[in-house]
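Here is a friendly walk through one model, told as questions and answers. Take a look at the sequence and structure first, and then let's begin.

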Amino acid sequence: MDLDALIGCLGSSACVVTQTTSGLIIGMLLFLVAVGLTLIFGVLKIVNFSHGAFYMFGAYFALTGYQLTGSFIVALLFGAIGAAIIGLIFERVFISRVYGRDVLMQLLVCYAFVLIFDDSVKLIWGAEFKSMGMPAAFQVPPWFIAGGVVPPFYILLISVALVVAALLGIGLARSRLGKVIRAAAHNPDMVSALGINTAMIYGSVFALGCALAGLAGALAAPVRSMTPGMGFSVLIESFIVTVIGGMGSILGALIGALLIGLIRSFGSLGFPLFTDGLMYLFMVIVLVARPTGLFGKDVA
Amino acid sequence: MTKTGKPGINRRTTLALMGAGAFTVASPWVARAQAKTIKIGMPTILSGRVAQLGTSSRNAVMLEVEKVNAAGGLAGRQIEMVVRDSKGQPQEAARIARELVNTDGCELLIDGEASSGSFAVHEVARDIGVLCIHTCSEASSLTADPKQHIPNAFRCVRQGIHDSIAGGSYAANIAKAKGLKKWATCSPDYAYGRDTTAEFVTYLKHFAPDVEIISETWPKLFQPDYTETVTKILQAKPQALYSALWGGDLTSYIDQANIYAMFTQMEVFAVNMADYTALTVVKNLPKGIHSGNRYIKTYPATAENAAWGDAYKAKYKEYPTNWSWQNATAVMFLSEAAKKANSTDGKKLAEVLTGLTIKCPFGADGTVTMRGEDRTLVGYAIGWGTTIPNEPYVPEVKSGDWKQIFALEAEWKKSKGYT
């Protein structure tokens with residue numbers, strides 16, 4: 001424990017800016033993965049244990065897109081769309097068969113596909129780790145805001161995640177498709193009886209969730225090395241986020257992810273040997289106080 | 001009078017046959033010792049995050065085995081390698097090692113496991129007495145601790161303590177020259193990271209007593225995001241940073257630290273940087289990172305080493321790794337020992353291997369020695385230098401002083417109660 005370092009940081013604007021930005025970066029990437037997870041659970045009632053694999057696919061597709069075109073925008077599109085296509089096929093062919101089945105069956109199917117997806121990546125891209133490298137546009141010195149260090153690439157990353165959060169929130173609340181999705185989450189039989197193709201809705205939501213995870217992987221690709229199985233550690237933290245925020249809540253995923261990011265960022269200063277422990281401790285406190293999570297009632 | 005008995009074989013013969021059968025099944029390396037080919041078993045890591053190192057170990061062994069077989073084999077017997085994937089799990093490594101000997105009939109073992117698996121394979125070697133050469137574990141205690149000494153096990157690997165002494169000496173010279181007194185460390189939070197960092201700091205302070213460690217960070221092994229550790233180090237404002245991160249973790253760290261311009265704010269010493277696995281993957285490798293040599297074909301700067309690196313690349317379309325040269329050296333030792341013993345018998349080979357010096361492209365002076373007192377490799381090329389973004393990546397390497405390493409290693413062993 002190094003409380004002096006933490007208190008010293010809180011008294012310095014430069015340190016507060018740097019650590020807050022650091023927390024936002026960690027949180028926003030987590031949000032993109034967790035929001036897909038929570039969206040899929042909210043509508044399909046499926047706990048997608050293979051969700052981390054789509055983060056991995058996103059990173060690898062982005063790498064391929066970047067190698068082919070040299071454009072980071074194309075790389076982002078490759079990552080999101082590639083993960084969405086694989087997600088859609090996965091949902092239609094396999095996941096749709098375990099709707100309404102017990103969670104153990106879902107876990108079994110998802111875990112089997114985690115292994116299959118990891119091996120597929122190994123076959124296609126190789127077992128060795130890979131790095132995309134920072135796009136040329138972002139190979140610039142960091143900005144200094146109130147004395148704190150803020151890399152421009154991370155500003156992009158935070159902005160993209162915020163735009164996605166806003167679009168999702170507004171889209172689900174205001175658009176016709178959003179209303180249909182929310183209705184399907186509450187009462188799929190009634191939605192089906194009204195002549196709406198629920199299978200298409202389910203497939204779309206699953207693909208959207210996977211696209212978000214893929215986008216997170218693509219955004220992380222310039223700064224994180226890629227290996228088969230890279231989605232596992234992200235998945236664990238995403239589950240923590242969704243449990244804290246409340247399964248099925250998009251706002252909960254955003255708040256949960258930001259809290260986890262800030263806990264990691266400031267916790268590494270004050271509790272360097274207990275940063276992970278802080279995360280789990282916070283989850284336990286939230287669950288004891290509100291077993292449904294912070295925003296558990298706000299089903300998408 | 002004619003002696004009569006029951007038809008078929010009697011009880012005594014049955015017991016004798018069963019005993020012989022059981023012995024044959026339990027000790028196939030004895031039963032098959034006269035076979036024309038000799039099988040050598042190799043548990044290593046062929047899947048998971050360390051698969052690249054395990055694969056490069058197998059590749060290096062196969063490269064050398066082809067040469068030995070082309071030259072007539074091991075004491076006249078062609079080598080057949082039996083390589084199995086342990087997935088990096090110690091219990092699986094031990095099970096495979098036992099199976100390779102007892103079921104597959106392997107007469108020798110090359111243990112291509114990381115440290116955790118090597119200790120498990122070592123116990124198998126202790127139990128069944130097969131000749132075993134460890135080729136990847138850098139944990140010093142594997143051979144320094146007398147409790148681990150068995151006559152049939154050898155270690156053909158660089159050692160953490162050797163790297164720390166050479167690294168500490170090199171870093172202390174830079175620290176004195178540039179006035180680097182405030183240091184930070186960032187190493188993976190498991191035995192290798194903790195031990196290597198502690199040993200490096202010990203010898204850094206030994207050679208430069210003014211050095212002070214003002215910040216330590218211990219990210220998890222395979223952690224995806226290092227942002228909080230990068231910013232924590234930036235807050236501490238050290239003049240120099242030491243890291244024992246390796247492989248994908250090291251490249252991620254460099255990518256993430258790069259965008260904070262960390263490498264312009266402090267001197268960075270990353271012991272595992274100068275290996276092609278990391279050097280060729282980082283797209284924006286900063287200039288001037290200090291690193292220990294792992295494997296690069298330009299150090300030692302000899303035609304033999306360059307030729308070996310090129311031959312490996314020509315065959316496998318990628319550069320060898322630190323694990324590659326160690327595994328290749330193990331086969332070179334076996335080949336030379338078999339010539340001297342004119343035998344493939346494990347006990348005879350072990351006798352010859354103890355204290356054996358061979359010509360080797362990876363030797364500091366063109367030779368390496370299997371030191372007799374602890375059956376471990378010494379005399380290999382060891383040094384530190386600074387990186388540049390393109391080949392040869394580490395243009396100049398300052399060699400470590402083996403006399404100094406031996407002297408301080410002896411003191412270290414005494415301090416640990418090993419001698």
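Q: Which residue of chain B forms a salt bridge with D276(A)?
A: This is a predicted model, and side-chain atom pairs count here at pLDDT 80 or more. A salt bridge calls for a Lys or Arg nitrogen within 4 Å of an Asp or Glu carboxyl oxygen. The closest N and O atoms of the pair are 2.7 Å apart, and the partner of D276(A) is K220(B).

Q: How many salt bridges are there between chain A and chain B?
A: The pair of D276(A) and K220(B) links the two chains. For salt bridges, the count between chain A and chain B is three.

Q: Which element gives the most residues to the side of chain A that touches chain B?
A: The elements that give two or more residues to this side are α2 (13-44), α6, α10 (231-245) and α11 (250-270) of chain A. The top contribution is seven residues, and the element that gives them is α2(A).

Q: How do the residues on the side of chain A that touches chain B divide into nonpolar, polar and charged?
A: Chain A brings 36 residues to the contact, while chain B brings 31. On the chain A side, the division is 19 nonpolar, eleven polar and six charged.

Q: Which three residues supply more than any other three of the area that chain A buries against chain B?
A: The two chains bury about 2900 Å² between them, and carbon and sulfur atoms account for 55% of it. Of the part that chain A buries, 20% comes from a trio: F129(A), S131(A) and R224(A).

Q: What area is buried between domain 1 and domain 2 of chain B?
A: Domain 1 of chain B covers 21-159 + 305-378, and domain 2 covers 161-300 + 381-415. Their centres, taken over C-alpha atoms, are 29 Å apart. In the contact, 28 residues of domain 1 meet 29 residues of domain 2. Carbon and sulfur atoms give 52% of the buried area, which is about 2300 Å².

Q: Which residue's side chain meets that of K413(B) in a salt bridge?
A: Between domain 1 and domain 2 of chain B the count is six salt bridges. For K413(B), the N to O distance is 3.7 Å, and the partner is E373(B).

Q: Which element gives the most to the side of domain 1 of chain B that touches domain 2?
A: The two domains share 20 residue pairs in polar contact. On the domain 1 side, two or more residues come from each of α3 (51-70), α12 (303-316), α13 (322-341) and β14 (376-378) of chain B. With five residues, the element that gives the most is α12(B).

Q: How many residues apart are E107(B) and R77(B)?
A: These two form a salt bridge, with closest N and O atoms 2.7 Å apart. E107(B) lies in the loop between α4 (90-102) and β3 (108-111), and R77(B) in the loop between α3 and β2 (79-85). The pair links distant parts of chain B, at a separation of 30 residues.

Q: Is the aromatic pair of F138(A) and F153(A) stacked or edge-to-face?
A: Over all chains the structure holds 43 aromatic pairs. For F138(A) and F153(A), the rings are 5.4 Å centre to centre, with 75° between the planes. Planes over 60 degrees apart fall in one class, so this pair is edge-to-face.

Notes
Residues numbered from 1 in each chain as written. Chains lettered and ligands numbered in written order. Predicted model: local features only at pLDDT ≥ 70, side-chain atom pairs only at ≥ 80, totals over all residues. Heavy atoms only, no water. Domains from an automatic or database assignment. Contact = heavy atoms within 4.5 Å. Buried area = accessible area lost by both parts, 1.4 Å probe. Polar contact = N/O pair within 3.5 Å; in protein donor to acceptor, adjacent residues only side chain to side chain. Helix = DSSP H or I, 4+ residues; strand = E, 2+ residues; numbered from the N terminus. Phe/Tyr/Trp six-rings, centres within 6.5 Å; stacked < 30°, edge-to-face > 60°. Nonpolar A, V, L, I, M, F, W, Y, C, P; charged D, E, K, R; others polar.
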